[in-house]
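The following exercises concern the packing and solvent exposure of a protein model. Each task is followed by a solution in steps.

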Amino acid sequence: MAKAEAARRLAHIQRGVFWLGTERTLTRQRHYNLVFLHARRRPFPAFAEIAVALQEIWPWGEVASVEEIESRLVSRWPANLVEATIWKVVGDSLAAGHLLVNLEMHTLDRKVPLALLPPGAPFLAPDALPETLLPEAEVLPQSIELQTSPSISGSTFDASVLSDTQQERFHRNVRAVEQVLAGVQQTKVATETGIPRSTLGRMVRRTRELGQIACVPRGTYVRKTTMHPAFQECIHRLFLLPTRLTMVAIAEHTEMHQVTARLSSQTGTDVQLPSYKQVRTEIARLKKDPDLVAVREQAKSLPRPRSSPESFVLSLPSPALLAQVDDAHDLSLQHLMFLKEVTDQGRLQYNHRIGLCLVAAGRGTTIPLKEILDQPETMWLQFRRRMDKLEPFCRIAGHTSEEVYEVLATVEIAYRELFPQLNLRQWSGIIYAWLTHSLLDPTNSGRVTMDNLMKLVTAALERTYEAGKVDVQEEALEQAAELLMLRRNTFRIIDGAGPSVNDQDTVSESPAETKPVDAKKESQTLSPEPEHVSQKRLESQKHPATQSKCAFCGVVPIDLQQFLDSGVSLVECPDCTSTSSLTPHKETSNSNRTSAAKHARLQQSRDGLDAK
């Protein structure tokens with residue numbers, strides 16, 4: 001009330017209006033719309049630029065939906081930034097009183113028609129709310145009326161807070177205690193009600209002292225201590241001493257005697273020391289506090305309490321409709337249990353249903369988290385029961401061309417500091433065509449995997465950064481695509497040199513001695529147009545031209561003993577990808593050598609066909 005009064009006075013000083021929205025005065029639909037727009041009025045870097053273009057394509061007074069307006073600008077900026085700009089402009093217009101929509105009748109979404117008034121238009125005042133809390137009628141909680149006998153003295157208990165099973169047992173216990181207090185034989189009542197005789201006798205004694213609360217099944221209640229607060233404070237101080245006193249030492253400590261003398265002099269009566277049982281009970285209560293135990297044990301830090309689901313739900317900036325968790329395959333059992341508890345508490349305590357979407361990475365036909373969710377414990381049975389009935393597990397095979405465009409737009413934002421003029425979206429068509437090639441998409445699904453996309457993009461960004469440029473050029477993308485598609489199964493020698501050929505009769509060349517391909521000529525053969533891929537290049541990749549000479553056809557000088565010790569019998573040509581068997585061959589004029597005879601004959605036959 002003090003905060004509300006201070007806010008009301010501040011609003012009047014600033015010539016504003018102060019309103020209070022409660023469950024009685026503010027509808028849930030209007031509250032959702034207000035919170036929805038308020039949460040989306042936060043500024044972001046690209047807002048000013050997009051807002052200028054938004055004003056041009058959405059003039060004042062034109063009725064259009066967010067979905068329609070977004071389609072007009074999606075080709076120039078990412079869709080998420082365009083939608084965020086639209087909602088921020090709508091929220092600012094509502095704060096200025098220039099939004100033409102009834103928040104009491106419509107729930108804001110992407111399809112609701114909206115219209116904005118010009119800045120000079122008169123202010124549209126929404127329906128007023130009271131500025132003071134209205135007195136609410138006192139509503140008594142509904143409870144089950146019990147026809148209790150006046151024989152039970154003491155406080156009563158409201159059984160409506162118990163479950164149905166506990167209410168039934170509570171009423172049975174109350175009837176049994178009433179019969180015993182009315183004079184019925186205790187053995188007869190215990191036999192009729194099914195309560196053990198000793199339990200019934202203990203329940204009757206507790207009911208005489210505490211009232212009906214003693215009849216609550218498995219109920220807990222605290223008996224007020226008769227110890228003076230000064231003794232409790234003294235025990236608390238002695239309990240936290242670094243020397244870690246025992247119970248006997250605390251009960252017989254000199255400070256306890258000093259407190260007794262001080263209380264006796266103040267009250268004028270003879271105050272006795274607390275008994276050992278009272279001291280033990282008080283210390284047992286202190287040991288239940290983890291913070292006090294940590295201080296007594298001289299821990300390095302106090303234990304951090306677990307965040308409750310209630311505080312998590314209340315900390316949401318706006319009513320959540322869907323909670324999405326990425327990389328769900330890394331979640332532990334405790335994480336999944338906490339997510340289930342959060343969604344349950346939001347539905348049961350706050351009447352707000354929260355959808356849960358777990359995004360996990362999988363391979364093949366395996367289903368992530370299925371082994372955990374198939375456990376027989378009740379926790380996981382309830383988790384499975386809350387999942388979608390028809391399609392609990394869904395799979396995304398890859399990304400379409402539109403999604404590749406959105407991913408590239410996000411990469412631009414992430415690397416904006418390193419590359420101020422980065423524009424990857426202009427190459428989205430060519431990148432999509434490269435990554436859907438038969439080498440990377442053997443099933444012709446037309447989908448791009450995130451792994452191949454990020455490999456291509458990061459390789460191009462690394463080459464661009466090393467070159468000291470501010471934007472990715474086509475040459476960098478071509479080189480990255482060549483490494484990803486053409487040379488992905490090629491060995492690269494990083495230590496040592498390849499075999500050398502000294503025989504003049506041998507016409508083969510080693511891979512290290514092959515002449516480099518002209519960069520300009522290679523760029524012309526590999527580079528498609530920015531918007532589509534050259535059909536000639538695709539055909540050339542599907543049917544590579546047969547080379548006139550093979551790098552490994554002929555005789556390779558290797559020591560015979562070294563060859564026999566290596567155990568190698570098959571080799572693969574990096575140019576034509578054919579395998580050949582190596583066999584030792586002895587010549588009269590030269591030393592021991594090994595020849596790829598089979599591969600040489602195959603290459604010679606190919607040369608003859610090409611000549612014909």
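**Exercise 1. State what percentage of the residues in the protein is buried.**

Solution. Buried denotes a relative accessible area under 20%, exposed over 50% and partly exposed in between, with a 1.4 Å probe and protein chains only. By this criterion, 31% of the 612 residues in the protein are buried. The accessible surface comes to about 41100 Å², and carbon and sulfur atoms hold 54% of it; such areas follow the Shrake-Rupley method with a 1.4 Å probe, and for residues only the protein chains shown count as cover.

The model is predicted, so that local features need pLDDT of at least 70 and side-chain atom pairs count only at pLDDT 80 or more, whereas totals for chains, interfaces and linings use all residues. Residues are numbered from 1 along each chain as its sequence is written, and side-chain values use heavy atoms, with hydrogens and water left out.

**Exercise 2. Determine how many helices and strands the protein has.**

Solution. Helices are DSSP runs of H or I with at least four residues, strands are runs of E with at least two, and both are numbered from the N terminus. The protein has 25 helices and 7 strands. For contacts (heavy atoms within 4.5 Å) between residues at least 6 apart in sequence, 64% join residues at least 24 apart.

**Exercise 3. Describe how α2 and α5 cross.**

Solution. Two packed helices are described by the angle between their axes and the distance between the axes. Axes are lines fitted to C-alpha atoms, for helices over the stretch in contact, and angles run from 0 to 180 degrees between N-to-C directions.

1. The axes of α2 (residues 28-39) and α5 (residues 79-95) come within 8 Å and cross at roughly 120 degrees.
2. The two helices are therefore oblique to each other; angles under 35 degrees count as roughly parallel, over 145 as roughly antiparallel, 65 to 115 as roughly perpendicular, and the rest as oblique.
3. The crossing of α2 and α5 is left-handed, a term for a near helix turned anticlockwise from the far one by less than a right angle, clockwise being right-handed.
4. From α2, L34, F36 and L37 take part in the contact, and from α5, W87, V90, G91 and L94.
5. By class, these residues are 6 nonpolar, 1 polar and no charged; Ala, Val, Leu, Ile, Met, Phe, Trp, Tyr, Cys and Pro count as nonpolar, Asp, Glu, Lys and Arg as charged, and the others, Gly among them, as polar.

**Exercise 4. Describe how α9 and α11 pack.**

Solution. 

1. The axes of α9 and α11 (residues 254-267) lie 10 Å apart, at an angle of about 160 degrees.
2. This makes α9 roughly antiparallel to α11.
3. Their crossing is right-handed.
4. On the α9 side the contact has A230, F231, C234, I235, R237 and L238, which meet E255, M256, V259, T260, R262 and L263 of α11.
5. The contact of α9 with α11 comprises 8 nonpolar, 1 polar and 3 charged residues.

**Exercise 5. Identify the buried residues of α3 and what covers them.**

Solution. In α3 (residues 47-57), the residues F47, I50, A51, A53 and L54 are buried. Their cover includes α4 (66-73) and α5.
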